[in-house]
Amino acid sequence: MPLQIKFMSVDEEADGGIVGEPCLSLSNSPDMSLLSTVDPFADILTATHIHRSRHGCGAYPYDKGSMLGVLAAAIDARRIVEVGTALGYTSLWLSYGAQHAHIDTIEFDSDHVRIARQHFIGHKVADRIHVHHGEAVTVLDGLDNNAYDLAFFDGFEPTRQLVNGLDRRLRIGGILVCANLTLGRTDPVLIDSAAWLVHSFGETAIAVKR
Ligand SMILES: C[S@@+](CC[C@H](N)C(=O)[O-])C[C@H]1O[C@@H](n2cnc3c(N)ncnc32)[C@H](O)[C@@H]1O
């Protein structure tokens with residue numbers, strides 16, 4: 001049976017932010033219903049694509065938001081740090097998965113910071129997601145060491161300096177999800193099996209801090 005894609009209405013706000021009900025539903029046939037997926041943040045996904053085409057920026061939403069939600073839920077993450085907020089799509093998935101978590105997310109583009117904050121208010125999670133406006137290396141320096149359960153990198157190229165910054169924030173046993181590994185060079189810190197237990201999907205790696 002063919003994949004069915006249903007679009008429902010989306011209200012666009014004046015400044016490029018969009019808040020609304022889940023609007024994308026993917027389903028196969030009725031007998032495949034266990035594989036059906038609804039993205040509760042499809043409104044933000046749509047807003048991000050529209051924003052990027054107008055702004056000409058690098059706000060490419062991560063395509064495995066649900067994986068982040070599942071991981072965050074599975075480890076019952078209480079503290080999460082993210083580099084690369086954009087308009088908030090992945091922060092929202094992380095907060096959805098880990099419903100008791102506080103999330104520190106870092107973004108250096110002031111337009112993205114402003115719109116992401118609106119989206120967090122719209123989705124009623126602004127009290128749990130703190131958007132830090134600044135360069136990730138600098139902001140990470142001000143966060144607690146060995147304190148976070150989950151770190152997600154989705155800035156541009158994952159440099160050694162940025163990955164080391166996230167490493168220092170994670171507790172032993174914490175999980176690093178690093179995207180964009182095919183941008184630029186692969187950072188050898190991620191494949192150091194003495195420091196990490198790693199699974200790679202190619203563009204993304206998931207690593208547990210030993
Ligand atoms: C690929 S987008 C993030 C997409 C977002 N995670 C999502 O799924 O919607 C990368 C974002 O990281 C920001 N960014 C890139 N490098 C950064 C850095 N070094 N410090 C802070 N923000 C950065 C960019 O401005 C952009 O908004």
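Reader: Is Ala-86 buried or exposed?
Author: This is a predicted model, so local features are only taken where pLDDT is at least 70. Ala-86 has 27 other C-beta atoms within 10 Å. The cut-off for buried is 20 or more, so Ala-86 counts as buried.

Reader: Okay, and where does Ala-86 sit, and what is its phi?
Author: Ala-86 belongs to the loop between S4 and H3. Although Ala-86 is not a glycine, its phi is positive, at about 50°.

Reader: Lys-124 also has a positive phi without being a glycine. Is Lys-124 buried or exposed?
Author: Lys-124, with a phi of about 60°, is found in the loop between helix H4 (110–122) and S6. There are 9 other C-beta atoms within 10 Å of Lys-124. The limit for exposed is 12 or fewer, so Lys-124 is exposed.

Reader: Back to the ligand. Which residues come nearest to it?
Author: There are 21 residues around the ligand. By class, this shell has 11 nonpolar, six polar and four charged residues. The nearest are Gly-84, Ala-86, Tyr-89, Ala-136 and Gly-155.

Reader: Which elements give two or more residues to that shell?
Author: Tyr-89, one of the nearest residues, is also on the H3 side of the contact with H2. The elements that give two or more residues to the shell are H3 and strand S5 (102–107).

Reader: So how do H2 and H3 pack, and at what angle do they cross?
Author: The axes of helix H2 (residues 65–74) and helix H3 (residues 89–97) come within 7 Å, and H2 passes H3 in a right-handed crossing. Among the residues making the contact are Leu-68 and Leu-71 of H2 and Trp-93 and Leu-94 of H3. The contact residues divide into nine nonpolar, five polar and no charged. As for the angle, the axes cross at roughly 35°.

Reader: What about the sheet: which strands are at its edges?
Author: It's an open sheet of seven strands with mixed pairing, in the order S6-S5-S4-S7-S8-S10-S9. An edge strand pairs on one side only, and here that applies to strand S6 (129–133) and strand S9 (196–200).

Reader: In S7, what is the bridge partner of Val-83?
Author: Strand S4 (residues 79–83) and strand S7 (residues 148–153) pair in the parallel sense over four bridges. The partner of Val-83 in S7 is Phe-153.

Reader: And at what angle does helix H6 run to S7?
Author: Helix H6 (residues 160–169) lies across S4, S7, strand S8 (170–178) and strand S10 (205–209). Relative to S7, H6 runs at about 165°.

Notes:
Residues are numbered from 1 along each chain as its sequence is written. This is a predicted model: local features need pLDDT of at least 70, side-chain atom pairs count only at pLDDT 80 or more; totals for chains, interfaces and linings use all residues. Axes are lines fitted to C-alpha atoms, for helices over the stretch in contact, and angles run from 0 to 180 degrees between N-to-C directions. A crossing is left-handed if the near helix is turned anticlockwise from the far one by less than a right angle, and right-handed if clockwise. Two residues are in contact if their C-beta atoms, placed from the backbone, lie within 7 Å. Ala, Val, Leu, Ile, Met, Phe, Trp, Tyr, Cys and Pro count as nonpolar, Asp, Glu, Lys and Arg as charged, and the others, Gly among them, as polar. A residue is near a molecule or strand if its C-beta atom, placed from the backbone, lies within 6 Å of it. Two strands pair if DSSP finds at least two bridges between them.
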